[in-house]
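Please read the following report alongside the sequence and the coordinates.

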Amino acid sequence: MKKTVRSLCSTALAFTLGFTLLSGPASVQAAGNADYNLTGFSQGNTGGGIISESSTSTYKKVYNATDLALALKKNSGVKVVEIMNDLDLGWNEIPSAAQTAPFAKHNDALTHPVLKQTGVSKITVDGFNGLTIFSANGSKIKHAAITVKRSSNVIIRNLEFDELWEWDESTKGDYDKNDWDYITLEDSSGVWIDHCTFNKAYDGLVDSKKGTSGVTISWSTFKGDDGSANSWVTRQINELEANKSSYPMYNHLRSSAVGLSKEDIIAIAGPQKKGHLVGATSLESANANLSITLHHNLYKDIQDRMPRLRGGNAHAYNIIMDATDARSAQARITNAMATAIASKGYKFGITSNGAISTESGAVLVEKSVIKDVQYPVRNNQTDPTNATYTGKISVLDTIYSLDGSSFRGNSDTAGSPLAPVPAVIKPFSWNGFGSLPYSYQTDDPSTLNARLIASNGAGAGKLTWSKDNWLKTSY
């Protein structure tokens, strides 16, 4: 494999790789449909199958929360759920007819003015074997967290998830109360999440735990808040700004003791804290079963966990981690400000981690792009002196840029900034097999930005297909 080390100060090509790469052309030649084949650890997942929409007992068109409750009720017999339009699914937004399993009331919102009105729901998809949930038009689901448990052969495609974050005063910025994740996978096997968009959330975006295996997340976009005039974060900060005395943490940040402006706080609060937690319980025996593939995903201003693995196996290829705006926001907090924030026990700042492997988990990152992530590759987050908590992680042919320098190569290239930290490196090997149990094709990482931001790239609403295409797994 070709290994190169370049300096932006001396090489024009490296400047292109490091800084033009993630702001390239907005479109590329249309990709062949085969590029969207199901691959990775979820290969073989059939979802609900290819079913005619005239099969009313197994194919359900969902227009509202009541329709969704009936379709996803345990033992409903439904195989395909088509989301026909945007759904506002907060507990206070749905009718009483829908306020029953699989819906449940989630933790109460405490600070966001919208969520305090709408409430938040938890939707539990339990005991399905063969289920496809999709939208033909990239519909949006708001104010709800979905848990898939004790299920197999589940496919979720072409959906956007939004409005599930609020400012955290109750745990002083630790974000350890509400437990709002857009999708949580528990004790399941064979889950494919494809062409979806995940906006900023209180906790994680898509987490996988309790030994869930056979997961592939592909062609999806994960992003923080853009800080625009009416963005979700801006609306929250406007509420805090108008009522500072009711929010001690916010008031401290705005006081002369710290000196952050409202605009500073919007910028710093914008990036999403967590991506994918794979294995939620430390040293759990079921972690050995964890397996997940991430490919052709765009992570825009995600601060951590792309992924974060405990045991098991994770494979990430052709992904982009672009933390440019997050790193700029981090620079708004001076050392003196950080000290003043910590003096009150508050946590407010930017984490900057990429892919993480712990507890002998195996993570392979290949042919990807990592930009402005301070710690792109980590192998221990508990105790670097205790090898029990150290994972195996390898990076191949990946482009990394940070603060005026660019590198393309492997984690074991001499002097590589992609070498794992902070523990003694464990030699890489897969857990339970010698080589990946599936075939896949990779793109050159220098082409990734154009591919993923293209009109047919990563995220919901990018492809205009006949409905039956969303039910297929190969093309």
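## Contacts and overall dimensions

Among contacts in the protein chain of this predicted model between residues at least 6 apart in sequence, 72% join residues that are at least 24 apart. Buried residues account for 58% of the 475 residues in the protein chain, and the accessible surface comes to about 17700 Å², of which 48% belongs to carbon and sulfur atoms.

The secondary structure of the protein chain amounts to ten helices and 30 strands. With a radius of gyration of 22 Å, close to the 23 Å that the globule rule gives for 475 residues, the protein chain is therefore as compact as a globular protein of that length. Taken along the principal axes, the box filled by its C-alpha atoms is roughly 65 × 60 × 45 Å.

## The annotated region

According to the UniProt record, an unreviewed entry, the annotation "domain: Pectate lyase" covers residues 90–354. Over residues 90–354 the chain is 18% helix and 31% strand, and the end C-alpha atoms of this stretch lie 32 Å apart.

## A parallel sheet of ten strands

Ten strands form an open sheet with parallel pairing, in the order β2-β3-β7-β10-β13-β16-β19-β22-β25-β28. Its edge strands, each of which pairs on one side only, are β2 (59–62) and β28 (392–396). On average, and with direction ignored, neighbouring strands of this sheet are turned by 10° against each other.

Within the sheet, strand β22 (residues 313–317) runs parallel to strand β25 (residues 362–366), and five bridges join the two. The residue A314 has V363 in β25 as its bridge partner.

## Helices and their packing

Helix α2 (residues 65–72) lies across β2, β3 (80–83) and β7 (129–134), and it runs at about 155° to β2.

In helix α4 (residues 232–242), the buried residues are W232, V233, T234, Q236, I237, L240 and E241. These buried residues of α4 pack against three further helices, namely α3 (113–118), α5 (248–254) and α6 (262–269).

When neighbours within four places in sequence are left aside, T124 is in contact with L72, P102, T147 and K149. By contrast, T124 and Y250, which are 126 residues apart in sequence, are separated by 34 Å in space, C-alpha to C-alpha.

Key:
Residues are numbered from 1 along each chain as its sequence is written. This is a predicted model: local features need pLDDT of at least 70, side-chain atom pairs count only at pLDDT 80 or more; totals for chains, interfaces and linings use all residues. Side-chain values use heavy atoms; hydrogens and water are left out. UniProt positions are given in the numbering used here, feature names are shortened, and annotations may be inferred rather than shown by experiment. Helices (H or I, at least four residues) and strands (E, at least two) are DSSP runs, numbered from the N terminus. Two strands pair if DSSP finds at least two bridges between them. Axes are lines fitted to C-alpha atoms, for helices over the stretch in contact, and angles run from 0 to 180 degrees between N-to-C directions. Contact means heavy atoms within 4.5 Å. Buried means under 20% relative accessible area, exposed over 50%, partly exposed in between (1.4 Å probe, protein chains only). The radius of gyration is taken over C-alpha atoms; the globule rule is 2.2 Å times the number of residues to the power 0.38. Accessible areas come from the Shrake-Rupley method with a 1.4 Å probe; for residues, only the protein chains shown count as cover.
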